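User: I'd like to learn how to read a structure like this one. Could you walk me through the main features?

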Amino acid sequence: MRRSLVMGNWKMNGSLAANQVLLEALLAKWQGVHKAEVAVAPVSLHLAQVGQLLSGSNIQLAAQDASAHASGAFTGEVAAAMLSELDCRYVIVGHSERRQYHAESSELVAKKAKAVLAEGMVPVVCVGETLSERDAGQTLAVISEQLSPVIALFGASLAQIVVAYEPVWAIGTGKTATPEQAQAVHAFIRDQLGAAGEQVRILYGGSVKPANAEALFAKTDIDGALVGGAALKADDFYAICRAA
Ligand code: PEP
């Protein structure tokens with residue numbers, strides 16, 4: 001039985017003051033979220049503060065990225081071991097914004113995921129097609145290309161990852177994949193993962209809101225959500241967590 005997971009990706013938003021306001025508002029209404037596991041991912045500079053604000057709650061800490069390297073001359077990067085020291089439980093890797101703006105290849109994303117796992121955390125591997133790829137009928141081929149280095153590198157430890165299916169055309173656009181469109185890709189991803197597939201949680205991401213969360217979560221292969229914009233509003237994020 002897979003426990004559902006809702007993760008808030010705060011992206012490059014927040015400040016020390018704003019994080020405190022957001023988390024105080026969220027924790028003030030937190031009763032009732034028992035079923036789903038919940039995590040939030042602030043910028044790495046804010047992880048220590050957010051970790052402190054979350055201590056004593058059942059909301060977990062997550063990071064938005066990690067280096068594929070253990071340490072050394074990699075200016076601006078953050079090593080997985082440093083995230084682990086701050087008690088991160090999850091690390092997002094391969095978000096479409098990293099693939100698009102930082103030219104991250106699927107091979108690099110797989111190495112980052114492995115570095116995260118090696119430090120005892122759970123990599124959340126993002127995959128997803130652009131609108132032109134979907135229109136050209138390439139969705140499944142793109143997903144397969146993005147997943148294959150991870151499958152090759154992880155071998156027997158594949159069951160320990162989380163996958164987030166995030167169609168690029170649905171991220172921050174207000175357009176959501178229909179539950180049926182998402183379910184079809186989630187089922188494909190589970191199939192690609194082979195024997196590990198039944199254990200791996202597959203999250204949907206792309207304009208998830210309180211109004212569409214329940215219908216998405218009702219689908220067999222949708223095990224939760226990676227939430228961007230709505231994770232910055234305490235009421236909305238709470239409602240999505242309740243729905244999961
Ligand atoms: C995301 O960036 O992971 C995301 C899903 O964003 P949004 O919910 O704003 O579409």
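Analyst: Gladly! Let's begin with the idea of a nonpolar core: a set of buried Ala, Val, Leu, Ile, Met, Phe, Trp, Tyr and Cys residues joined through C-beta atoms within 7 Å. Please keep in mind that this is a predicted model.

User: Which residues have the most contacts inside the largest nonpolar core?

Analyst: In general, nonpolar side chains of soluble globular proteins tend to be buried together. Here the largest nonpolar core holds 76 residues, and Met7, Ala62, Val91, Val124, Ala225 and Ile240 have the most contacts inside it. Beyond its close sequence neighbours, Ala225 touches, among others, Val6, Leu203, Leu216 and Ile240.

User: How do I read the overall fold?

Analyst: The protein has 10 helices and eight strands. Its radius of gyration is 17 Å, close to the 18 Å that the globule rule gives for 244 residues, so it is as compact as a globular protein of that length.

User: Where does UniProt place the "active site" feature?

Analyst: The unreviewed UniProt entry puts it at His95 and Glu166. They span 72 residues in sequence, yet no two of their C-alpha atoms are more than 8.3 Å apart, so they gather at one spot.

User: Is each of the two buried or exposed?

Analyst: The cut-off for buried is 20 or more other C-beta atoms within 10 Å. His95 has 27 and is therefore buried; Glu166 is buried too, with 28. His95 sits in the loop between strand E4 and helix H4, and Glu166 in the loop between strand E6 and helix H8. Cys126 is among the contacts of His95 and also among those of Glu166.

Definitions and conventions. Residues are numbered from 1 along each chain as its sequence is written. This is a predicted model: local features need pLDDT of at least 70, side-chain atom pairs count only at pLDDT 80 or more; totals for chains, interfaces and linings use all residues. Helices (H or I, at least four residues) and strands (E, at least two) are DSSP runs, numbered from the N terminus. The radius of gyration is taken over C-alpha atoms; the globule rule is 2.2 Å times the number of residues to the power 0.38. A residue is buried if 20 or more other C-beta atoms lie within 10 Å of its own, exposed if 12 or fewer, and partly exposed in between; C-beta atoms are placed from the backbone. Two residues are in contact if their C-beta atoms, placed from the backbone, lie within 7 Å. UniProt positions are given in the numbering used here, feature names are shortened, and annotations may be inferred rather than shown by experiment. Lists of a residue's contacts leave out its neighbours within four places in sequence.
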